[in-house]
Each structure stands twice: as C-alpha cells, then as structure tokens.
Amino acid sequence: MLRLRGVGRNFYFLLSGVWFFIAMQAGSAGLAVAQQIDFAHQVIPVLRQHCVKCHGGAEAEGGFSLNTRSLFLESKAGVPENPADSLFLKLIASDDTDQQMPPEDLPRVSAKDQEILTRWVRLGMPWPEELTFSVNSYRAPLLPRVVELPGPVDANPVDQIIAHWRSGNGSSRPESVSDALFLRRASLDLTGLLPGEDQLSKFAADRSPSKRQILVDSLLANDMAYAEHWLTFWNDLLRNDYTGTGFITGGRKQISDWLYRSLIENKPYDQFARELIAPPGNDSRGFIDGIKWRGTVSAGQTIEIQFAQSVAQSFLGINLKCASCHDSFIDQWKLSDAYSLAAVYSNRTLDIHRCDKPTGDVASPGWLFPELGQIDPAVPPAERLKQLAKLMTDDRNGRFARTIVNRMWAQLMGRGIVHPLDAMHTEPWNEDLLDYLANHLVESGYDLKAVLRLIATSNVYGARSEVLSEDATSGEYQFAGRRAHRMTAEQFIDAVWQLTGASPAKFDAPIVRGKVDRAKLTQVELQGEWIWGQSQSDGKQAAAGEQLVFRTELRVPSTIRSGVAVLTVDNSFDLYINRRKVASGNEWTKVQIVPLAKLLKVQKDDSEPANQIVVVARNAGSGPNLAGLFFEARVVLDDGTKLTLASNADWTYSEEAIRGGREGRMGQIQGPWQKVLPFGRPKVYAGVDSDLTAGLARGKAGDGMMVRAGLVKSDFLMRSLGRPNRDQIVSSRPEELTTLEAIDLSNGETFAKALQTGAARYAKADLSTEQLVQRIFRLALSRSPTKEELAVCGELFVQPAIEGDAEPASRETVAARETAVEDLLWAVFMMPEFIMVR
C-alpha cells in the first residue's frame, strides 16, 4: 500500500505540516541506537578518570564543563554523530604536547577507551538526563512539609502557588484554551479517549461557569474508561504485560487482574503499594517476584536485586541500577544500600557483589531511610516485607507521596515538577507545589483521582500549552505552562479505532472488564448449586483432607463475544480449562472471577471435542466438616446467543488424583466417575451470593464496549509507536518519532487495515462529502474544518457522493469513494494536531 493515491496539489499543501513533522522527528537520534552503548558503565568511567578533574563538578578549565550533556554540547567540543568534527576526540588523540588532553603530565587515554568515546559520539552522544558530574548541593527532604497557601482563598491551590511564583519572576499567565480544546485535552489525559460529537456539542452549548470542573468530575467518574486508560501507565511503571520474556517458562507472573480491579475501584494508593510490596495473595505478587531470566545472569539481575530496583524506582523515584553494581555515580546510594533492600525480600544468604565479583560481605536486611524505622533481620521474609510496606506508606515518608504526585503532574502537564521522574533527589522547580500536592494526596486518603482532579481543574491546566523553542531542552528549566505531549501508542490506536470501528472483538488481558453497579445485582439470578461427592450423602460431612476431581463440558458453536465464570470451593481448588491451569483459591469466602473469552474453543461441528472444565477441590480442617464447590459461567456469542454452565447434578467427580502433569498444565484424569451430590444453596454459604452475582455482572459490564489498546498484546505498530516491552520499568516514554514509526504509519499493514475498515464504514454512510469531512474532523480534532481544509479535502472525492436518495452507486464509484475516505483518514491521523494532546 502506498498512501495518497491520486491526491491533488492542494492536498499536498494541506499536508505539508504532516510530512515536515514526520521528517523532522524521524531524523532525531532514536532510543534504539542509544542502547548500543552503556553510558553509565562504559563512557562515565573514562570521563571520570581522564576529564572530570579539570572539567567537572566546580571545575571548568578553559570554559569547558562536561557536567551535563547540554553543557558539553554548548562548548562545541563534541558534535553528535560526527567524530571527525569533535574537538575533544582530536585533543585526546593528539601527539602535540601543547594541545593534547589530558596534559602530558597525566596518563593518556588508551586506544580502547578512545574507541569507546568515538563510538559514543558516532551514536549521538546518548546521555541519560539524571546523570551529571555537577556537585548537587540540594538535599531532597524526607519528611512532609506544611505549605501555606498565598491566596486568594477561593482559587484553586495549584493556581495560588503558581501565581505567587510568577509574581516573583515576572512571568505572565497564558490565556485559557477554547472549550473544545479543553474537552479533547481532558478526555485524552484522564480517560485516553476522544470526545464524541454529542459530547462536543453539549459542552459547547453549556453556559455554566463551572462546566470544566463538572467535565473533569464526569471523566474521573467513568471508572471503566479511567481504569483502562491508566492501566497503560501502571503497566509501564510496574513492568506488567500480557506476553513477553519469562511468561512461557513460568519465570514471570502477571498482576493484570489485581491491577485492573485496583484502578476501577480507585484503591487508596497506600493500600495499593502495600499489596504490591507485601502481597496478601498471589494476584499481586508478580511485581516483587520480577523476571526469572533463563540461564546464568549477572549479580545485578537476580530476583532479589530486581526487587530492590523495582521498589525503589516505582515508589520512591530512586534509580538503584548503578548502586546495584557499585556505589552510585549520581546520588548518595551505595552498593550496600541496594543489597540491604534486596535482602528484605531474599529467603537465602545474599552475598554482595561489586561489578559482578563477590566482595566477601553478606547483605543484612534494611531499608533506605532508617530514620523512619528499620527492618528486623531476624524475622522471616514475609514479615520483613510487611514491615517494609508499612515503612514505605508511613505518612512521615514524604518521598513516597511526592514521587507519585510528581508522576501525575507529568502525565497531565507534560513535564515533572522534579525532572527526570526517577531522580527525586533533584531540586524541584517549585517545592511548594510539589509538597502541597503530596499533602493533598495524604489528606484525601491517598486518593489518586483527587490529585488528578486538583490539577485538571486548575487554570494552569486549562491554559494554552507552552510554545517550545529549539533550545527548550537545554539550560535551566523555566516553567512556562503545560507542555503538549504526544499520544501514547495506546491512545493513538484507541483514537484510530474510535474513528474507524476497527477495534478487535477480543482482548488479551486476563481480566473481567467493568465495574458492577450493585444496585442492579437483582437482575442477575444464580443458576448453580453447591455440589460435592457422595461422602456428604445422608447428612454426613466430608472428611478433612478429602480431595475430589470434578469435571464437566461446554460446547461453543460460534465465536465468543464475552464470557466469565465465578467459582469458589470450601476450602481450596485448582481450575483447569482445556488442560490449562487458569485459577486457584484457598479461601472460600473470596470468589474467583475468570474471564473465558480467550480460554474456550469454538466447536464448528460435533466431531470436535467440547471444552473440558476440571476442578480439583480439597476439603481442609481437623475433622469431618461441610465441603462444597460452586461454579457458574455465562457466555455471550457474537450472534447474541447466551450460554450458561453451572454446577449441578450433571457434573461428575472422581476420587482418584490427577497423574503427572507439569507447571500450569493438567496431567491425566481418571475414573471411576460418579454423579455429584448437589445440595442447593445452603445458608452457611449465603454470604458469598452477592460476590458471585457481582462477578457475573462484571462479565456483562464490558459488553458492547470498544476493546481498548491497553488490553491487547503489543503488536508491530504499537511497538513502533513507542510501547515498551516492559522487561524494565518505564516511567516516561520518548517523545521523538522514529524512522521506523514514520514508515509504519505510511505503509504498515496493521494501520492500513484499520484505514480500510474505516473507509468502508464512512463510504457507505448516508452523508454528503461535506458532512463526511465535517464528521471526521470533529471526531478526530474536536473542531470543524476550515474553509480551506474543506475545499482541499473535497478534491479527494473525484467521484459523485453516495447520497441516501440517489440511484444505487456503481461498484467503481463505491471503490473510488472508499479510496478517498481512506486517504482522508490517513491525512487527518498524521496531522500534528491529531497526534499531540495539545
């Protein structure tokens, strides 16, 4: 496919900004090349040994400082991607004793190290922002700090603080954006979705002075849209994904269902963190267990060290990667600090390694801020984790709250108050703002939505975005307003799917979508019964330790739209569907909810085997006691057909244990098989009825809703758009457009199919050309096209429009119209106005 087939001159003029945007962005140094050299461990040691003494810290001999990349480049000593014109490389290699660097009385740079520096320059001189040779006199506070608001008292606190700051530096407040732009901005920032045409019209017609606050509240109250948008942010920060390294071998576990439920229920952030650091169950344990890499790994990539790095980075904005190998170059953290935190998790003796070589010392459990309390090294790992979780979320730990509100500010405003986000030891551009937001989080009961609401309802957020100059990223940062930012890969794909209707029918995240309206639970009636084996016949009770294998089948004649199962067993169980272990439980009062759409197979005819459902159920206790299993599944097919499978007298069971099997897979089941004993829904188990019905209701909540890109596995298009593979924690994504992305957006198959789907949809609509262009512009950009845009877009439609009352159009006319719509959609999607959250 080649874009813009048969497009006229004026349309090229309209799109000149598109191609300029792509060409300029794709020309920048991409993240991929930066990965070809390790700045911290290859370049820094050379610079530190030979250059920093005279040109780093407080020293800048000859006016040359290499404290930061920007200072290095200002000196003109290094030219990215051009070693031949880089003066510092010439001086290092020179034999002239009057010019060579270092001077003749100091050791020369070896040929090997010169090659490293040359390769570094050739690759664009990649240099992580948080790394610096400057002396940092700022000491980030730990404890919270009370902030006195300057007034006026009726203004948003964010506006009060920034207005006071502006009065001191002479900067002016930018004017507010239009209502339409604010609606698009807030909708994308808070829910990741474009506003609809009706929403745009109603918001424009609303004359209420508080309509922006009302809008923000309504967006945050849309629990499903909010959760499925912010899932992307948290998947990046907690390195959670649906496929990738470690999953096939069992060396990595998802936390997807726990994370989704936490977001949709708006779980308090302190509880959220405690459940990740000291998991109460297996559903949130994948974060601290990290990735068990195959084969031999370095000492800095063990599970224990991963734990220390993840906890410190995600919750404290501390990068311990350097300190996991040696004492950090960039802050105060030592090798012993990283290993002490790792030892909190470890269930074995943890030998300290420096640069992958054992030091002979053993790590003792401890944490980074002992002034708040310490970890008891004598207690088991599980108890140590609880102590760590308590210390982390202690209200006195101001770093914990500051770190997350800084991330929230960056998501909405385009740049953190502290920058980079994982260098929280760095001085913020406004301490009062950072501390007030942190205090607001704690005072709200750690409600993250409360922080987002405070920011999004401020005049600062609703004002025009900063106009960036070419040197905006160099020199000292000066706040000039919100910075526009690119859509994430998921936002871009969602927006494309909204306009084209090309979203997939199924998703990959192992979750049940939606949030239950408990007021509507009476609409869901349970069909199942509690069952057990014949050991409970004639009023008897099951023996303690009894284990039974239950089985049933379900035939699915066509494609599944949605499906969910709920189950619980008194006392514990393992659920297998088609021989794959999909759920476990050991507390009958906690109902398990299992999404079925990706687990069940379609049987096109009677010759294909039905879906096999097997539950291995176990009774506990010290003597005979009541045991039971409850299972119910609801499945909706694409044609609307509804299937129900529930535990009842049709199930069978065996007293024989499963033979063989491997991790996550069921072995051989065997009989003899007997009829189960159903015993209704006794009062003793009535306490879980509401949870069972709620689980089934959750399964219906997502019906008819567009599948979101954040719920599906990453594909080639999303990766080229910047979605990371999440083997590592990612706190911010690159803003640059890469050459690969430009190519994929021009000729990629996945994107082309979405355009074709949308083109077929719009071409058949009963709309004139002008109406069609109006609709696409309003949906994509939240505005109508200008007269010029309308005119040049009309040139695409060289064939007569397909009007509702016209004669049936020829096949050639329909095809030509689809081609025109396809080109129009592509052009609009490529506009910087569409790609940016302005």
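The conversation below turns to salt bridges and charge in this predicted model.

Visitor: How many residues apart are D236 and R733?
Guide: The side chains of D236 and R733 form a salt bridge, in which the closest N and O atoms are 2.8 Å apart. D236 sits in helix α13, whereas R733 belongs to the loop between α25 and α26.

Visitor: Is E490 buried or exposed?
Guide: E490 forms a salt bridge with R726, their closest N and O atoms being 3.5 Å apart. A residue counts as buried when its relative accessible area is under 20%. For E490 that area is 3%, so this residue is buried.

Visitor: Which residues do salt bridges with shared partners join into one network?
Guide: R726, the partner of E490, has a relative accessible area of 1% and is buried. Through shared partners, salt bridges make one network of D236, D241, E490, R723, R726 and R733.

Visitor: What is the relative accessible area of K601, a residue in the patch of positive charge on the surface?
Guide: The patch gathers K601 together with R579, R580, R662, R665 and K713. K601 lies in the loop between β9 and β10. Because exposed means over 50% relative accessible area, K601 counts as exposed, its value being 54%.

Definitions and conventions: Residues are numbered from 1 along each chain as its sequence is written. This is a predicted model: local features need pLDDT of at least 70, side-chain atom pairs count only at pLDDT 80 or more; totals for chains, interfaces and linings use all residues. Side-chain values use heavy atoms; hydrogens and water are left out. Patches are made of residues with over 30% relative accessible area and no salt bridge: like charges are joined within 9 Å, nonpolar side chains (Val, Leu, Ile, Met, Phe, Trp, Tyr) within 5 Å. Accessible areas come from the Shrake-Rupley method with a 1.4 Å probe; for residues, only the protein chains shown count as cover. A salt bridge is a side-chain nitrogen of Lys or Arg within 4 Å of a carboxyl oxygen of Asp or Glu. Lys and Arg count as positive and Asp and Glu as negative; His and the chain ends are not counted. The place of a charge is taken as NZ of Lys, CZ of Arg, CG of Asp or CD of Glu. Helices (H or I, at least four residues) and strands (E, at least two) are DSSP runs, numbered from the N terminus. Buried means under 20% relative accessible area, exposed over 50%, partly exposed in between (1.4 Å probe, protein chains only).
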